[in-house]
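Hello,

Here is the structure I promised to pass on to you. Please open it next to this email and have a look around before reading my notes.

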Amino acid sequence: HNCVSAGITFILSGFSEYPQLQVPLFLVFLAVYTVSVVGNLGMIVIIRINPKLHTPMYFFLRHLSFLDFCYSSVTTPKLLEILVADTRTISYVGCMMQFFLGCTLVITETFMLAVMAYDRFVAVCNPLLYTVAMSPKLCSLLVAGTYTWGGLCSLTITCSLLKLTFCGSNVIHHFGCEYSAIISAACSDSYFSKMTCFIIATLNEVCSLLIILASYIFIIVTIIKLPSAGGLQKAFSTCASHLTAITIFHGVMLLLYCVPNSGSSWLFIKVATVLYTVVIPMLNPLIYSLRNNDVKETIRKLVNTKMFSHPM
């Protein structure tokens, strides 16, 4: 029956129930996506060109920006397309690919944020051993581990979706191939897939949050013991932007996947998905660049060189 499924085309409902909002939404999402692409790619370039930023923290941040850039690029172009095009279709293969990539990137980002919490823990609690403890080899291993784990989890969930049959109405009540929207379009029993997704999502959420909580408990204990207020300020400022990013990311994830969705409307799911597919990737570079003097300094230098290198 999967050969039959492979030939189908899904219709993405998007925000079609609000015809008058199509153009305003298109313009808003296009603006946010542009800021996101420029912000994340800018962040990668800034970290590469400023030797001061060649530290483990920025190594992870560069990967976070890469993940955010990829993630918004997996979903947003299709969203923009269905807002202005008459045909709002996506092929079965395209849909599964979009789901697989999106899922991989979300799980990888979940653990990238956990790795960054561990990095902050080492920086605050063992500042003298920081460069030794967070060696380039360990950093590369941690990053490779997050990508591999993200890919494996996503592959498992995607395979459970490939076992489903689709017949009759192939409408996906969403602007992209989001998990619950694919499940509700299937006409075969989806219990196995739901259990698979639930176990993996819960395991990942619990593990990543435990790493983050443990890291921050140690950080807080260390900060409390610090004699000087200056040290306190410095320790807090290193963690503030990371904490902001985590709170927004996990807050939306928990809202979307841990609130029983029998009562939640498609509109709620779409809005929540917009938050983490379109808005969060835009916020992360802003959160990190606005709070960081080294990043601001690099941007200032770049702007000045560009300004003065062009003849008036």
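Below is what I found in it, from the overall picture down to single residues.

First, the ground rules. This is a predicted model, in which local features need pLDDT of at least 70 and side-chain atom pairs count only at pLDDT 80 or more, while totals for chains, interfaces and linings use all residues. Residues are numbered from 1 along each chain as its sequence is written, and side-chain values use heavy atoms, with hydrogens and water left out.

On confidence, pLDDT is the predictor's own score for each residue, from 0 to 100. The protein chain has a mean pLDDT of 85, with 90% of its residues at 70 or more.

Now the fold. Helices (H or I, at least four residues) and strands (E, at least two) are DSSP runs, numbered from the N terminus. The protein chain has 11 helices and 3 strands, in the order α-β-α-α-β-α-α-α-β-α-α-α-α-α from the N terminus on. Of the contacts (heavy atoms within 4.5 Å) with a separation of 6 or more, 80% are between residues 24 or more positions apart. Buried residues (under 20% relative accessible area; exposed is over 50% and partly exposed is in between, with a 1.4 Å probe and protein chains only) make up 46% of the 312 residues. The accessible surface, from the Shrake-Rupley method with a 1.4 Å probe and, for residues, only the protein chains shown as cover, comes to about 15,500 Å², and carbon and sulfur atoms account for 74% of that area.

The UniProt record, an unreviewed entry, lists "transmembrane region" for residues 25–47, 96–118, 138–157, 198–223, 235–257 and 263–283. Those positions are in the numbering used here, feature names are shortened, and annotations may be inferred rather than shown by experiment. In the model, residues 25–47 are 100% helix and 0% strand, with end C-alpha atoms 32 Å apart. Residues 138–157 are likewise 100% helix and 0% strand, with 29 Å between the end C-alpha atoms.

Helix α8 (residues 191–225) is worth a stop, and S208 is found there. S208 counts as buried because its relative accessible area is 0%. Beyond its neighbours within four places in sequence, S208 is in contact with T110, F111, A114 and H250. Y191 is also found in helix α8, but Y191 is exposed, at 55% relative accessible area. Y191, M195, F198 and I199 make a nonpolar surface patch of about 440 Å². Patches take residues with over 30% relative accessible area and no salt bridge, joining like charges within 9 Å and nonpolar side chains (Val, Leu, Ile, Met, Phe, Trp, Tyr) within 5 Å.

Last, the salt bridges (a side-chain nitrogen of Lys or Arg within 4 Å of a carboxyl oxygen of Asp or Glu), of which the structure holds 4. Among them is E81 with K78, whose closest N and O atoms are 3.3 Å apart. Both lie in helix α3 (residues 56–84), 3 residues apart, about one turn of the helix. E81 is partly exposed at 34%, whereas K78 is buried at 15%. R300 and E297 pair at 2.9 Å, N to O, and they are about one helical turn apart because 3 residues separate them in helix α11 (residues 293–309). R300 is partly exposed at 45%, and E297 is partly exposed at 33%. R120 and D119 also pair at 2.9 Å, N to O, and both are buried.

Best wishes
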